[in-house]
Amino acid sequence: MNLNDPMYPADPGTILNGDAHIRGSLLGASESFVLKDSKLQIGTVGYIYFIDWDQNRIRDRKCHVMVVGEK
């Protein structure tokens with residue numbers, strides 16, 4: 001039996017995960033934000049969201065923050 005065989009058993013994790021990769025590719029993996037006078041410049045109605053599209057298994061996620069610039 002090979003991958004081209006219609007009776008080849010599909011991996012459920014792969015089927016459930018495809019949309020997560022497409023969404024991640026469209027939105028990207030990182031963003032840059034401006035700080036001015038120690039305040040985040042996202043506007044009066046601005047929000048920052050961390051979205052986990054890949055929800056077919058439980059895992060710990062980490063969000064890394066790097067501050068670049070002058071003091």
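## Surface and overall layout

The accessible surface of the protein chain comes to about 7,400 Å², and carbon and sulfur atoms account for 56% of that area. Keep in mind as you look around that this is a predicted model. The chain has 71 residues, and 4% of them count as buried.

What does the chain contain in the way of helices and strands? There are 1 helix and 2 strands. Strand E1 covers 35-36, and strand E2 covers 39-40.

## A salt bridge along the helix

The structure holds 2 salt bridges. Let's begin with the pair in the helix. Arginine 23 forms a salt bridge with aspartate 19, and their closest N and O atoms are 3.5 Å apart. Why are these two residues separated by about one helical turn? The reason is that arginine 23 and aspartate 19 are 4 residues apart in helix H1.

How open are the two partners? Arginine 23 has a relative accessibility of 37%, so it counts as partly exposed. Aspartate 19 is also partly exposed, because its relative accessible area is 34%. For both residues, the value falls between the limits of 20% for buried and 50% for exposed.

## A second salt bridge

Now move further along the sequence. The side chains of aspartate 52 and arginine 61 meet in a salt bridge, with 2.9 Å from N to O. Are these side chains buried, exposed or something in between? Aspartate 52 has 23% relative accessibility and therefore counts as partly exposed. Arginine 61, at 41%, is partly exposed as well.

## The loop between the strands

Between E1 and E2 there is a loop, and aspartate 37 is found in it. The phi angle of aspartate 37 is near 55°, a positive value in a residue other than glycine. Serine 38 is found in this loop too. Its phi is also positive, at about 65°, although serine 38 is not a glycine.

Which residues make the nonpolar surface patch of about 880 Å²? The patch is made by Ile22, Leu26, Leu27, Tyr47, Tyr49, Ile51 and Trp53. Leucine 27 has 53% relative accessibility, so it counts as exposed.

## The largest pocket

Next, look for empty space. Rolling a probe the size of a water molecule over the atoms shows where such space is left. The largest pocket has a volume of about 1,300 Å³. It is lined by 31 residues, and those closest to its centre are Ala29, Ser30, Glu31, Phe33 and Cys63.

Where does the largest share of the lining come from? That share, 5 residues, comes from H1. Sorted by class, the lining of the largest pocket has 17 nonpolar, 8 polar and 6 charged residues.

Take histidine 64, in the segment after strand E2. Histidine 64 and serine 30 are 34 residues apart along the chain, and their C-alpha atoms are separated by 9.7 Å. Histidine 64 is exposed, because its relative accessible area is 72%.

The other pair starts with serine 32, which lies in the loop between H1 and E1. Serine 32 and valine 67 are 35 residues apart in sequence, while the C-alpha to C-alpha distance is 9.7 Å. With a relative accessible area of 70%, serine 32 is therefore exposed.

Conventions:
Residues numbered from 1 in each chain as written. Predicted model: local features only at pLDDT ≥ 70, side-chain atom pairs only at ≥ 80, totals over all residues. Heavy atoms only, no water. Buried < 20%, exposed > 50% of the residue type's maximum accessible area, 1.4 Å probe, protein only. Areas by Shrake-Rupley, 256 points an atom, 1.4 Å probe, with all protein chains shown as cover. Patch = residues over 30% accessible without salt bridge, like charges linked within 9 Å, V, L, I, M, F, W, Y side chains within 5 Å. Salt bridge = Lys/Arg side-chain N within 4 Å of Asp/Glu carboxyl O. 1 Å grid on protein atoms, 1.4 Å probe; cavity = no way out; pocket = protein on both sides within 12 Å on 5 of 7 lines; lining within 4 Å. Points joined across faces, edges and corners; volume = space filled by probe spheres on them. Nonpolar A, V, L, I, M, F, W, Y, C, P; charged D, E, K, R; others polar.
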